[in-house]
Amino acid sequence: MRNDPLLQPFQLGHLTLRNRVVSTAHAPSFVEQGHPRDRYRLYHEEKAKGGIGLTIMGGSTNVSPDSPSVFGQAYAGNDTIVPWLEKLAKGVQAHGSGAIIQLTHLGRRTVWDNAHWLPVMGPSAVRERAHRAVPKVMEQADIDRVIHDFTAAAMRVQKAGFDGIELLAHSHLLGQFMSLATNFRDDEYGGSLENRLRLTFQVLDSIQSETGENFIIGMRLTGDEELENGLSADECVTIAQMIERTGQVDYFNVLAGAPYDDLGLAGWVAPMGMPSAPHLPVAGRIRQAVKLPILHAGGISDTATARHAISSGAVDLVGMTRAHMADPHLVNKLMRGDEERIRPCVGLGYCVDRVNQGKAAVCGQNPATGREGHLPHVITPSSSKRRTVVVGGGPAGMEAARVLAERGHVVTLHEASDRLGGQLRLAAKGTTRRNTIGVSDWLEAELSQLSIDIHLNSYVEEEEILSDAPDLVVIAAGGLPNELDFSGAELTTSSWDVLSGSARVSGSVLVLDEIGDQPGAVTADALASMGAQVALATPDRAPHHELGPTTGAVALRDLYAHGIRYLSDTDCTRLTRDGNQLRASLRNVLTGQVDDVLFDHVVVENGTLPNDELYHSLCAQSRNKGQLDISAWVEGGPVLPSGKPERGFDLIRIGDAISSRNMAAAMHDALRICSHV
């Protein structure tokens, strides 16, 4: 481990980092009234406990009132944030990590109808497709005020005890002035590259004059906008060199792309289906052109790629942000030689999509992330040992078995099929989402490290469970495909049969997607990969309605490339045989108009119904009658009666055995219940 490039210390300005691994700035939407309070602090402290060298917090922290939060950012535009920043800095630094806050003015990259309803501003009146506002052209008074606001915010961060700030230029106001794609001005802030950098230089001059020595100033820059009329790679090299010559910047955080629409955002914060570390060469080019340290993050989710990024000399510091959402103890595991036990980020995209849907970021496979106040990343042993039986080897059952075994309980797991993984094995079919199987692989590997008695091909029933005399029974048997109810529905094929390979369909196929989440997209992807001509009908106004902008854009891109035809605002009212084909009566749900269309097959994705027969047969014999303390469940406390049952057993059910949800909900159920048993 002493020779691992990732674990070497690094001098960044006045600050000695204990290793080269960084969590870059992002907005998990944990703020309260613009303040990074306890939930925010505990989330970042966990990474510091886990050994990270530097965590850059406050992703897109706003400095001005006309830069309203659109994805849950903090607000450093007044002094009320300072006490919370002080707690945040001390909490992170106490565990050995460097602490930096990112500051920005969003410019056009926000909305006007939020917060104070002030006009969105930008260098020119160029609308961004992602956030849809037409900006006001900034006047000199606006520019002067923004310079003051950046400086005042930096002084607040310094007062709070942070090691430094990072100015976000890429795609935000400073970068909008730099790029000819967004700056059409003909005054001293437009035209030549020097003019377009004028605002950045003025902000740097003002901040450094107030913050002085021993305060890091970094800048997040683009290395190539990869956009027509945008900043080219050559221009970006020149920009980096011009900023370096000011002597006012301590490092560059280099990325590439243009997140001005959904697919652009997906290229910047890539879910699965996008290339791994695609912009590392862009960062390497800047690295060769300047002497300042280079940080880079973008699709670097595994330690092998991160190690290569450092050892090849492409970068000095490597950002593994979403990798730390999956496993905030990544560095500690590296240091103690447990690299194979790092929970991998597989690119589910659940975290960033939730933020862009106005929800708090959580990890799709690590339910403790963002819930550090009441859920553990490191499982502690129980004071007593229970005999436990887990029924179901999908994500809920495997996570329950893992947590219970880590607690020291005796665990037996029964899985009806010949493999662990449950619906994860279906979710990984097709091409775009195939990395989902990595979640199952990690859970299965963790179970192999623990003393768990696993029975495959075990369709366990009530008598067998009772014969084991358990203290706790966990029903994680998942669900079964839910059929649609219309005339002729018996002629359809379930998405499960298609994805499992038990049904072979070809020719023209209609997918009826009632849910609008990943399963429908995966089913269409798998069918198209088999050579079928696919049409997907949804009653929603847009296909894959539940998907966020990044995973949704990638799914749609790939499915359009496969020739998928979409029928939005459409359901099926009747299905009849017509020779060797099926005649589907398709109804527009808004107008009621019905059109008959012929297909070779019709496939249904309608979520699941609970596989709960065993649960109900056991309820009467259990100590708690299968019921949990909902108040304790909400508050994150023990949901079962206290003490080990003297007679009988406690009974719980989790995941799709309760209702049709998703993997994140199933694993959340497992952790928050079983970590208290």
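A residue is buried under 20% relative accessible area, exposed over 50%, and partly exposed in between (1.4 Å probe, protein chains only). The model described here is predicted: local features need pLDDT of at least 70, side-chain atom pairs count only at pLDDT 80 or more, and totals for chains, interfaces and linings use all residues. Residues are numbered from 1 along each chain as its sequence is written, and side-chain values use heavy atoms, with hydrogens and water left out.

**Overall fold**

The protein has 23 helices and 27 strands. These are DSSP runs numbered from the N terminus: helices are H or I with at least four residues, strands are E with at least two. The C-alpha trace spans about 80 × 65 × 45 Å along its principal axes. Of the 677 residues, 60% are buried. Contact means heavy atoms within 4.5 Å. Among contacts between residues at least 6 apart in sequence, 71% join residues at least 24 apart.

Most residues other than glycine have a negative phi.

| Residue | Phi | Relative accessible area |
|---|---|---|
| Arginine 132 | near 75 degrees | 56%, exposed |
| Alanine 277 | about 45 degrees | 10%, buried |

Arginine 132 sits in the loop between β6 (121-122) and β7 (136-137). Alanine 277 lies in the loop between α8 and α9 (280-289).

**Serine 97**

Where is serine 97 found? Its place is the loop between α2 (82-93) and β5 (98-104). Serine 97 counts as buried because its relative accessible area is 4%. Its side chain reaches the backbone nitrogen of threonine 55 at 3.4 Å. Leaving aside neighbours within four places in sequence, serine 97 is in contact with residues including Arg18, Ala48, Leu54, Thr55 and Val92.

**The second largest pocket**

A pocket is an open set of points on a 1 Å grid over the protein atoms alone, with protein on both sides within 12 Å along at least five of seven lines; lining residues have an atom within 4 Å of a point. The second largest pocket is lined by 47 residues. Trp268, Val269, Ala270, Arg322 and Val352 lie nearest its centre. The elements giving two or more residues to this lining are β4 (54-62), α8 (262-268), α11 (321-326) and α13 (350-356). The lining divides into 24 nonpolar, 18 polar and 5 charged residues. Here Ala, Val, Leu, Ile, Met, Phe, Trp, Tyr, Cys and Pro count as nonpolar, Asp, Glu, Lys and Arg as charged, and the others, Gly among them, as polar.

Terms used: 1 Å grid on protein atoms, 1.4 Å probe; cavity = no way out; pocket = protein on both sides within 12 Å on 5 of 7 lines; lining within 4 Å. Polar contact = N/O pair within 3.5 Å; in protein donor to acceptor, adjacent residues only side chain to side chain.
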